[in-house]
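Colleague: I'd like a close look at one part of this model, along with whatever it leads into. Please take me through it step by step.

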Amino acid sequence: MNTAVPADGATSGASGVRSLAASLWGLGPLLALILASAYFTTQSDRFLTGPNLSLVVQQSLVVGVLAIGQTLIILTAGIDLSCGAVMALASVVMARLAVVNGVNPLIALLLGILVAALFGVANGVLITRFDLPPFIVTLGTLNIAFAITHIYSQNQTITRVPDLLGILGSTFRIGGTSITYGTVLMFALYVLTWYVLRLTAAGRHVYAVGDNPEAARRSGINTTQLLIAVYLLAGILYGIAGWVSIGRTGAGDPNAGQTDNLASITAVVLGGTSLFGGRGRIMGTLIGVLIVGVFRNGLQLIGVESVYQVLITGILVILAVIVDQFARKRQL
Amino acid sequence: MTESVSPNNALHGQSNIASGFDSGNRKPVLEARGLVKRYGQVTALDGADFELFPGEILAVIGDNGAGKSTLIKALAGALVPDEGEIYVDGQLVHFRNPTDARRYGIETVYQDLALAPALDISENIFLGREIRREGPLGSIFRMLDKRRMRDESTNHMRDLKIGIRSMGQAVETLSGGQRQGVAVARSSAFARHVVIMDEPTAALGVKESHMVLDLIKQVRDRGLPVILISHNMPQVFEVADRVHIQRLGKRIAVIEPREFSMSDAVAIMTGAMVGEQVPTA
């Protein structure tokens, strides 16, 4: 009695064009990274060498790990301003416990990560249970973490950390290039996060919650629990970033990470993840992190003042947000 | 008796419905008795009854404030009534949330809130009910079986004769009617007992509305009874087997579209047709 409902030809055509445009935009960040790298290769003989590229990655490690947590949170349509401050607190807790209090380095490490995880849970609970905006909650916890860091550390950088805490700065060699364990850890975390987001139900729920929380709730997803889990996981990642930071500088530094919150958001946005939630790729964030790193390094190599790197990053961020907004309007 | 209501015996009010509609010995799939729901001073449901029989499309109509959506929310588990009982297949149930109702095979299609636009069709159909890979990949590594979910989605969509080729395309690339098709496929795929459709055509154009009405008939013809909430009388009279009329928090009548006109239904709904014409409880 019913005829088949045909696919709307016009819609399918338009959707074809759109999905092509979407996949091209998906390649945009990668293209930008390749073009920037190609440009700097022509401008400096030193750019495309193993040691230099290894340096680019090492300079990007802390923000790179923070940006994983930031991506998870932004995918849920949230934002986290506290990540850099929480990272600094974790690194100071680890270093101080181990160096000043003589705590076993492994336990100091875990306690540092635990402190960061607690901040994550606090963010998540305040946002979900009290229905507060993530921007304001994390602005508050940013200040709290910053203050606690400075009170607890008495404003002192803690050096001479035990081996375990500094291990992520140690290197091994591939060919003539030294690679830090921190680099390996960061890439491993990206691959792990990619797997969870793409191939597990929990990962798809993260997207669904950011995309349409009401639909997610009505599909039987416990959105409160999921959001708290996301902020907790982000906190653990910030703790790990604190460990990476100690490896990088050899110290627990209360002044570390003060602009890392904005740097991590920059990387996420450059990587093509929508600030409105529900859309984006974790590997895009990795590319965003590397874009910032390549510009910083390349401009240094060709002798341009570092302030121009900031200028270019600013322009790229605005460009990325314009394209995101444009893409969203087309889709609605 | 007046001429406006005829034949009179086809009009079933609150009082005589319980003794058996023309359903013969059929037992209701979903039944409610004396539902009451109060919000402060406002009584949204004032002892409402409800019956849904196998294989039918039951439309629920009523003016704004008649308690129509409160009734449906109670049946879908979206709210807990203050008084009254709900039975599924004759068994007394207590729904605390929509997930409870879903466990009893009752699925709801919402007007526009049910889909995640950036996710693809099969991800939306299986959202919250994902299938994992067999063996350790699924149990230890929690890996999803995307191929199986896409294949099953394709089957559901084909059963409902929705012509969409790729289950991997994002829902936001679909037209409004196709999106509603995905929502219907999602619900009917998992519903074992009842599909509730809350104003499924409200946001759609004429052509797309017809596509969705066809879908509703498809779902019924596949053996699932459907509750259709709608403001659109012509659509109600086109697809419904019976029409439940809600007024002032109660079920005031149940009519069959072939025996009553649309204006009769509206008159009962608004209270213009009262007294002897409509046996109220």
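**From the hairpin to the chain contact**

Modeller: Let's start with strand E1 (residues 171–174) of chain A, which four bridges join to E2(A), the two running antiparallel. Strands here are DSSP runs of E with at least two residues, helices are runs of H or I with at least four, and both are numbered from the N terminus. Two strands pair if DSSP finds at least two bridges between them. One such bridge links A:Phe172 to A:Ile179 in E2(A). Two residues lie between the strands of this hairpin, and A:Gly175 takes a positive phi near 60 degrees there.

A word on ground rules: this is a predicted model, so local features need pLDDT of at least 70 and side-chain atom pairs count only at pLDDT 80 or more, while totals for chains, interfaces and linings use all residues. Residues are numbered from 1 along each chain as its sequence is written, with chains lettered from A and ligands numbered from 1 in the order in which they are written.

Next up is helix H7 (residues 181–199) of chain A. Its 19 residues should span 27 Å at 1.5 Å a residue, and the end C-alpha atoms are 27 Å apart, which agrees. (The expected span is 1.5 Å times one less than the number of residues.) In H7(A), the buried residues are A:Gly182, A:Thr183, A:Met186, A:Leu189, A:Tyr190, A:Thr193 and A:Leu197. They sit on the same side of H7(A), because they cover an arc of only 125 degrees around the axis; that arc is taken from the directions from the helix axis to the C-beta atoms. Buried means 20 or more other C-beta atoms within 10 Å of a residue's own, exposed means 12 or fewer, and partly exposed is in between, with C-beta atoms placed from the backbone. Turned away from the buried side of H7(A) is a face with the exposed residues A:Val184, A:Ala188 and A:Leu192.

H8(A) is worth a stop. Of its 11 residues, 10 are buried, so H8(A) is largely enclosed by the rest of the structure. Among them are A:Arg204, A:His205, A:Tyr207 and A:Asp211. The cover includes H2, H7, H9 and H10 of chain A, together with helix H4 (121–125) of chain B.

That brings us to the other chain. In total, 28 residues of chain A are in contact with 33 residues of chain B, where contact means C-beta atoms, placed from the backbone, within 7 Å. On chain A's side, helix H1 (9–43), H8 and helix H9 (213–218) each supply at least two residues, and H8(A) gives the most, with five. By class, that side has 11 nonpolar, 10 polar and seven charged residues; Ala, Val, Leu, Ile, Met, Phe, Trp, Tyr, Cys and Pro count as nonpolar, Asp, Glu, Lys and Arg as charged, and the others, Gly among them, as polar.

As for confidence, the predictor gives the complex an ipTM of 0.83 and a pTM of 0.85. Chain B has a mean pLDDT of 85, and 88% of its residues reach 70 or more; pLDDT is the predictor's confidence in each residue, from 0 to 100. Residues 1–23 of chain B stay under 50. Where pLDDT is low, the predicted coordinates should not be read in detail.

Technical notes. Contact = placed C-beta atoms within 7 Å.
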